[in-house]
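Please open the structure in your viewer and keep the selection tool at hand. The stops below go from one selection to the next, with a short account of what is found at each.

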Amino acid sequence: MLSSSWNMLLGRKHDRSGFCGSKEIIKPCEASDVSCHVSYTLKKEEVLNSVMADQGFLKPKRGFATTAVHSGKDPEKWSGAVVPPIVTSTVYKRTVHNHTGYVYGRSANPTRSALEDCLAKLDGGTDAITFASGLAATTTIASLVSKGDHIISSDDLYGGTSRLFRDIIGRLGVEVSFADCTSSENLAKAIQKNTKMVWIETPTNPILRVLDIADISKVIKSFGDILLVVDNTFLTPYLQRPLDFGADIAMYSMSKYMNGHSDIVMGAAVVKDEELGKKLHFLQKAMGAVPSPIDCYLVSRSLKTLPLRMEQHKKSSMVIAQWLQKHPKVTEVLHPGLPNHPQHEICKRQTSGHSGVFSFKHCGGIKESEAILHAFKVFTLAESLGGFESLAQLPALMTHASVPEEQRLKLGISDELIRISIGLEDIDDLLEDLEQAFNVAFP
Ligand SMILES: *Cc1c(COP(=O)(O)O)cnc(C)c1O
């Protein structure tokens, strides 16, 4: 059945009262019957086309939701409890020669293991290793390489990752270079004898370019034993499973969609090679950037609704991206789910659709960007993404302020580029908010 937002886009009178407990069958009305507050309403055919545009992607993995609900539980182990308890003990009784697998709170914790078990299965991996933050995951993964080794990073990525690579990892004697990885020829040129790791993010942030994971894996593996790490924070394993396409490590900031409730900072790495899993568990213990058992419990709880949340983020962001595309003040919408996105075909091959984060450009400048962002009433002007609430921000002055200006301009991170993260509110309310904000900025 059509949702109220769809009906609004289809031109139906905006009336919520009829939906409450009513069995009435909702028919899309004539296009002339438009009385809602959103003036750039799409026409019916266009919306139907948009539904078509959502097809052609990979089907979400069969059994994913069941895995999200059941993995990591082990009622027999916990007196029948279907929710694994929060084990706070840092100390575990043992004999001189034997232990249960749990020795000390930093090296392993049963609540953390339950979460790691579920994460490994969601990505089709053999092992998952969790960390105190996404950047703690990145720092630990980068410690797989040694002084004198070389890491290639894609040039358009999370500002904090870029800062870590430029200002810290580089200082420790690891060579880091940045390359445009949308072209595998370009990437191949950047590979050196000492290259040990390639770090990519797809889609990229905040320009939303899509990189072909399978192609990149093929290219770098032809040069030898180079690890491919994919930061999959923007899509989660529900929409993209990097290990299926030849990545060695799927990395996450769990602080975003994976937890989805904007109340936890955590990171994770998922691998499909047991040796690599062991190395990362060793580094997790040896470097010590581990998450707390309470946070692990909360993230396990959040994962139960991951498929539901991602489906809604995907749908809402698609409708809003199309609405923006029609807006007279919008010059460009950077959303991989749109058929005119330059890498839309790759996106269809390797994802089950796009999440709620995307960017757009308008025809104004910095003044209009600020006016739009400050006028929002439902969207919150804030960094971060992937939570239940809609957020908007200005990458040039906020999340990507630490990227050197020359690089920012080369990537197109300009003053009129706004990044949004579509939350789980009613689509109608988000469209109305966008419209009034544009009206304030462009009187
Ligand atoms: C937030 C984010 C990170 C960093 O994660 P933290 O949990 O904030 O440390 C890394 N990559 C991407 C794509 C992110 O959005």
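For the first stop, Ala, Val, Leu, Ile, Met, Phe, Trp, Tyr, Cys and Pro count as nonpolar, Asp, Glu, Lys and Arg as charged, and the others, Gly among them, as polar. Please keep in mind throughout that this is a predicted model.

Begin by selecting the ligand and its surroundings: 16 residues surround the ligand, and the closest are Ser133, Gly134, Tyr158, Thr233 and Ser253. Coloured by class, the residues of this shell divide into 4 nonpolar, 9 polar and 3 charged.

Now widen the view to the whole chain, whose secondary structure comes to 16 helices and 12 strands. Of the 443 residues in the chain, 45% are buried.

Which residues have the most contacts inside the largest nonpolar core? They are Ile151, Val229, Ala268 and Ala269, in a core of 103 residues. The largest share of this core, 8 residues, comes from H12. In soluble globular proteins, nonpolar side chains tend to be buried together.

Select Ala268 by itself and then show its contacts: leaving aside residues up to four places away in sequence, Ala268 touches Leu119, Ala128, Ile129, Thr130, Phe131, Ala137, Tyr252 and Met254.

Finish with helix H12, residues 306–326, which reaches 30 Å from its first C-alpha to its last, close to the 30 Å expected for its 21 residues. H12 is mostly covered, with 16 of its 21 residues buried.

Definitions and conventions:
Residues numbered from 1 in each chain as written. Predicted model: local features only at pLDDT ≥ 70, side-chain atom pairs only at ≥ 80, totals over all residues. Helix = DSSP H or I, 4+ residues; strand = E, 2+ residues; numbered from the N terminus. Expected span 1.5 Å × (residues − 1). Buried ≥ 20, exposed ≤ 12 C-beta atoms within 10 Å, placed from the backbone. Near = placed C-beta within 6 Å. Core = buried A, V, L, I, M, F, W, Y, C linked by C-beta atoms within 7 Å. Contact = placed C-beta atoms within 7 Å.
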